[in-house]
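Work through the following exercises with the sequence and the coordinates side by side, and try each task before reading its solution.

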Amino acid sequence: MLPEIFSHHSLTSLSLSGYSLLSTRSFNNCGNLKTLKLLNMVLIRVSTLSTVLEACSSLEVIVLQITFLTGFGVLKIENKNLKFFQVTFPYYVERIEVNAPCLDVLDIRDIKCQSKNNFILTDPNNQFNRNHWVSRCVYRPHISYNVSELAQETRNIWHELLVSDFHGMTTRHGTLSVSVDITSPKEVKILKELLLMWTTYTMIELEILFKTNNASRKEEGECYSDGIANEKLWEDATPFPYADFRVYNVWMYNFNGSSKEEFAFASRFVMQKTVMMKMMIETSSYPPMKKLEIEAAVAKLVELPKGNEDLSIECF
């Protein structure tokens, strides 16, 4: 291809499938691109891909699907605009380094990682605690999603990518880490959309990081237009996200024992057969008095009638 062939100012989205990426000259001066999909790609050198992504400095969405790699190397992605990153890279590389301060969605379809040091992520929005994809032999796709009040069009694009061409299926399997404000109806709606992607398979693990920015919102004077509905968000008996949704293990972080919404949310998971094996609630990071408060809330969860008699509820 000709040098700078993709650099036209009106070209913002590019999808290439079935190419061998031999050089970077076609991507010179491609700051115009917002979305780049490289599907079924053959790589000779990992450094070539790093250079391409560096040249496309304005990318907000990156989808990589590498089907063949002939050598080792370090894949580096440093992009202050990147918000969505999906990667299928079933070959061993020395290391994948992602520095993306605005990243909201990390979708790992398949990568070969024997150690957490093989995949280094600098991303303040996705503060997950469990590297589900690190394994010597187990294939385990994973999503990390920082829920925010996105524009509907953006959300539709992201969610379509999350289920697109998933091994010929339209539903997910694997694990999910999510950061969410459970008191926000809009964020709860997005969380429900995410969980609805698992309509066929039992989710292996769900990691929930409850956001703690509610107080700051009130200080800034922000309020929800449906504030009254917000108070009753979890009073409805309708199963969440639906009656047949199942997950083997749930890990909860930043759980606030004094939050009625968070307790009601956790109660649903206990009573509606949602969790099959374990619900683990983190308390070790709290100061002593707050830890006692959280443990008291967990004790109340333990006393609830369980939809699954084998469910274990523990602090860690």
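**Exercise 1: strand pairing**

Methionine 280 lies opposite glutamate 314 of strand E15, in a model that is predicted. Determine in which sense E14 and E15 pair, and over how many bridges.

Solution. Begin with the two strands themselves: E14 and E15, the latter covering residues 312–315, pair in the parallel sense, and four bridges join them. Then follow the chain between them, where E14, helix H7 (residues 288–303) and E15 form a β-α-β unit that is right-handed.

**Exercise 2: the neighbouring pairing**

Identify the residue in E14 that is the bridge partner of tryptophan 251.

Solution. Strand E13 (residues 247–253) pairs with strand E14 (residues 275–281) over five bridges, in the parallel sense. Within E14, the bridge partner of tryptophan 251 is methionine 280.

**Exercise 3: helix packing**

Describe how helices H2 and H3 pack, giving the angle and the distance between their axes.

Solution. Helix H2 (residues 152–163) packs with helix H3 (residues 185–195) at an angle of about 20°, and their axes are 11 Å apart. Because angles under 35 degrees count as roughly parallel, H2 is roughly parallel to H3. H2 passes H3 in a right-handed crossing. For the residues involved, Gln152, Arg155, His159 and Leu162 of H2 meet Lys189, Ile190, Glu193 and Leu194 of H3. Sorted by class, the contact of H2 with H3 comprises three nonpolar, two polar and three charged residues.

Conventions: Residues numbered from 1 in each chain as written. Predicted model: local features only at pLDDT ≥ 70, side-chain atom pairs only at ≥ 80, totals over all residues. Heavy atoms only, no water. Axes fitted to C-alpha atoms, helices over the stretch in contact; angles between N-to-C directions. Parallel < 35°, antiparallel > 145°, perpendicular 65-115°, else oblique. Left-handed = near helix turned anticlockwise from the far one by under 90°. Contact = heavy atoms within 4.5 Å. Nonpolar A, V, L, I, M, F, W, Y, C, P; charged D, E, K, R; others polar. Pairing = 2+ DSSP bridges. Right-handed = clockwise from strand over helix to strand, strands pointing away.
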